[in-house]
Amino acid sequence: MSSIEIRKVESKKDLKKFIDFRYDLYAGCEYDAPNLFSDDMNTLSKDKNAAFEFSEAEYYMAFDKQTGKMVGRVAAIINHKANDKWGRNDVRFGWIDFVDDINVSRALMDAVEKYGKSKGMTHVVGPLGFTDMDPEGMLTKGFDQLGTMATIYNYSYYPEHMEKLGGFKKDNDYVEFKLFVPKTVPDKYAKVAKLIEKRYNLHVKKLTKHEIFKEGYGKRIFEIINETFSGLYGYSELSDKQIEQYINMYFPLADLNLITLIEDWNDNKKVVGVGITIPSLTRALQKCRRGRLTPFGWWHVLRALKFRHTKIVDLLLVGVLPEYRNKGANSLLFADLIPRYVEYGFEWGETHVEMETNDHVQNQWQYLDCECHKRRRCYIKEIK
C-alpha cells in the first residue's frame, strides 16, 4: 500500500497551499528565483488566466500518510490549441515539485497520467505550462547557477527521479547562455547595423508608454512573438485576450530603455523585430517573503526594476521575423541595447531558453564572450 496520498485542489484554500509548497521546499536556496504568489495565483486560477479559453487543468498535492505533511505537487494541463496544431494528444505536467522520495514523484506522475488517460490523451509531456509564456523544461545542468524569473529552477535530484520512474524519455532539450557585456558594441554588430539601416531601411524604434497602451504597439509586439515563435516546440499562438493580459503584466513597470523594436520603413514602419530585456529580479524575489510583495517585497522589486540594483540583465524575449533574419536585423537590437547595458552597469546577461537544435538563435551570440551554463529537458511518456 502506498504511503503517499494524492489530493486534488478543490478550493482557493487548496490552491494557496499548492502554491506555498514551493516556498517551503526551496527556503534558503541561493539559486532559486521564487515566483510571485500573485502571479502564480493568477496563472493557475481558471477565472483569471486567458489560456483557459483553450485549456483545461487539474492540480494535485501529495501528502505523507503517516505525518500528514505535504511532500509534492503537480499540475496536469491539456492545451487543446497546441494539440490541434501539432497533431498531438498530450497532457502536460508543470508546476512539479517534490521531496527526494521516489514514491512521491511516482504518485504525482501517476496522477497526471490517470487524468490524461481519462481525457483521451496518449502521452504525458513536460515540464510545460499552459503556453510558452510559462516556464518550461526541467533543469539538468546548472544547479549551481542563479535562476531567472522566466525559467524553472529545480534540485538536481529531479531529473534523477525522471530516469528512475521508467518510461520517460527526451522529447526536447533547451540550452541557456550567459552573455558577458562588452565595454563597447562589437565591430561586427556595429558594422552590420549601419549597413542594414542603409541597405534595407530598417531602423530602431524606442517606445513610450502611450504608444504601448494607446497606439497598439503592445499588441504588435506580441503579434511578432506569435509569428516568430510559431514553429517552436509545443508553441500555440497567443489569443487577443492573452495578449491583452501580457501587455498589462509586462509593461506597466518596464524600463523602456531596455526594450527595442526594429521597424521596416519600406513597409509603413512595420515592426519586424523585438528585444524585451529587464534587470534580473532573482535577488529581489528572494527577499519577498513567500513570494508576497507586502509588506516590503515591493521595495526590493522596485529597486531592481527602477534603480537597477543588480549586475544582471535578463533577455526575456528576443525575436525577428523569419524573412528579416538573414538581413542581420538582430544586429540593430544588440547595437542599441549593449550601450544601455554598459551605462546601467550590467556585467552579464541571461538568455531565455533556446532549443538545442536552434542554431540560428545560438549563432546570434558568436561575437560575444559567452558560455552555455544551463541545460533543461522536456520529457515524454506514452500512456498505457
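N268 is out in the open: its relative accessible area is 74%, so it counts as exposed. This is a predicted model, and in it N268 sits in the loop between β9 (259-264) and β10 (270-279). Its phi is near 55 degrees, a positive value in a residue other than glycine. That's worth a look, since most residues other than glycine have a negative phi.

W95 shows a positive phi too, about 50 degrees, and it isn't a glycine either. The setting is another matter: W95 belongs to strand β4 (residues 90-98). With a relative accessibility of 12%, W95 counts as buried, because the cut-off for buried is under 20%.

## Two cis prolines

Most peptide bonds are trans, so here are a couple to check by eye. Going from G126 to P127, the peptide bond is cis, with omega near 5 degrees. P127 is part of the loop between β5 (123-126) and β6 (138-141).

Further along, T294 and P295 are joined by a cis peptide bond, with omega about 0 degrees. You'll find P295 in the loop that runs between α10 (282-286) and α11 (297-306).

## Rings that meet

There are 20 aromatic pairs in the structure. Take F98 and Y158: their ring centres are 4.4 Å apart and the planes make an angle of 25 degrees, so this pair is stacked. It links distant parts of the chain, with F98 in strand β4 and Y158 in helix α5 (residues 157-165), 60 residues apart. F98 has 0% relative accessibility and therefore counts as buried; Y158, at 1%, is buried as well.

Now for Y189 and F334. Their ring centres lie 5.0 Å apart with planes at 55 degrees, so the pair is tilted. Y189 is in helix α6 (residues 187-200) and F334 in helix α13 (residues 329-344), which means the contact ties together parts 145 residues apart in sequence. Both Y189 and F334 are buried.

Is E223 buried, exposed or something in between? Its relative accessibility is 38%, so E223 counts as partly exposed.

Terms used:
Residues are numbered from 1 along each chain as its sequence is written. This is a predicted model: local features need pLDDT of at least 70, side-chain atom pairs count only at pLDDT 80 or more; totals for chains, interfaces and linings use all residues. Side-chain values use heavy atoms; hydrogens and water are left out. Buried means under 20% relative accessible area, exposed over 50%, partly exposed in between (1.4 Å probe, protein chains only). Helices (H or I, at least four residues) and strands (E, at least two) are DSSP runs, numbered from the N terminus. Rings of Phe, Tyr and Trp (its six-membered ring) pair if their centres lie within 6.5 Å; planes under 30 degrees apart count as stacked, over 60 as edge-to-face and the rest as tilted.
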